[in-house]
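Trainee: Could you take a close look with me at one part of this model? I'd like to get the packing of its elements clear.
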Amino acid sequence: MMQQGQPLSSAIEAIGNTPLVRLSRLTKGLDGQILAKLDYLNPGLSKKDRIARQIIEDAESENRLKPGQTVVELTSGNTGTGLAIVCGTKGYPFVAVMSKGNSMERARMMSALGAEVILVNQLQDSKPGQVSGGDLELVEKEAQRIVLERKAFRADQFRLSGNFRAHYLHTGPEFIEQSGGSIDAFCDFVGTGGSFAGCTAAFKAHNPRIRCFVVEPDGAAVLAKEPVTYPNHRIQGGGYSMPNLPLLQHEHIDGYLKVTDREAVDIARRLAREEGIFAGFSSGANVAAALYLLQTSFAGKTIAVILCDSGLKYLSTDLWA
Ligand SMILES: Cc1ncc(COP(=O)(O)O)c(C=O)c1O
């Protein structure tokens, strides 16, 4: 991990150790505090750099990845950007397979970082900016085809333990150390569930009383066992209506929270204007859920959240309109 005051040997070592900031302006007048981890400050502008590094370095150390072997992954853009950075630096060709429904900044950024980007059409009734579970199935099929065709290593973020380990070994312990062990609750918008699983495993090992909440889109809360009425929500990076997430440890889930598109957008905008924090939809969702906890059963407590990616990734959307 990063050491202060010394040059790093590559950008890979600049991944992680992100600052933790108290959102004092957004919580003004409320009892309690929200501590936000600025993971959009990673080199690829998202928390997914962490898992890219861990998945590749785990595979290297276990000889599952050969020198110069092609790496392939399905991505909503952020994992792909992390993998483009890690693979580019280490000399592995990288192919990112992404739905056309994700914002195009992401495809451009991955290409700029040396990735080959393959875009997959959405289902007929899906809209750009709204990637559903069905859209993701099409991307998965294409990723599997390319892995076979190129005898590639699949950096499978939904299944490989590197996704969990990145957050269990680093993000979670960083939260605990930076907060001085003061966290009462954690809420996290779930995509693969890797961040939730890794952080909550670290939190529960430290203090089993830390309460951990899954955040889902209103109308696509399958983990809370609700019917899916709104699969094409706008909170990119998660809420895929997948009831079985291999990395998620259900014994660490203390409850479920729902956030609407409107709430995620409003809070992302307030983060930018009031806190000087330029983050994306899912960061808005996490903070909206944390505000709800402070206003209800967690008044007076300390809530931890991850700010997952940068607002720069959504300049082509109406998040900043
Ligand atoms: C912007 C954004 N938010 C949230 C998530 C969900 O994180 P996780 O896959 O760790 O559940 C992702 C995952 O890709 C993401 O890109």
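How do α2 and α3 run relative to each other, roughly parallel or roughly antiparallel?

Mentor: Happy to! This is a predicted model, in which local features need pLDDT of at least 70 and side-chain atom pairs count only at pLDDT 80 or more, while totals for chains, interfaces and linings use all residues. Residues are numbered from 1 along each chain as its sequence is written, and side-chain values use heavy atoms, leaving out hydrogens and water.

Helix α2 covers residues 78-90 and helix α3 residues 104-112 (helices are DSSP runs of H or I, at least four residues, and strands runs of E, at least two, numbered from the N terminus). Their axes lie 9 Å apart at an angle of about 10 degrees (lines fitted to C-alpha atoms over the stretch in contact, with angles from 0 to 180 degrees between N-to-C directions). The two helices, α2 and α3, are therefore roughly parallel (angles under 35 degrees).

From α2, N78, G80, T81 and A84 meet R106, M109 and M110 of α3 (heavy atoms within 4.5 Å). That contact holds three nonpolar, three polar and one charged residue (Ala, Val, Leu, Ile, Met, Phe, Trp, Tyr, Cys and Pro are nonpolar, Asp, Glu, Lys and Arg charged, the others, including Gly, polar).

For the surroundings, look at the open, parallel sheet of four strands, ordered β5-β4-β3-β6 (strands pair if DSSP finds at least two bridges). Its edges are β5 (116-120) and β6 (153-154), each pairing on one side only. Helix α4 (residues 133-150) packs on this sheet, touching β3, β4, β5 and β6, and its direction makes about 160 degrees with that of β4. Two bridges join β3 (residues 71-75) to β6 in the parallel sense, and V72 has R154 in β6 as its bridge partner.

Terms used. Parallel < 35°, antiparallel > 145°, perpendicular 65-115°, else oblique.
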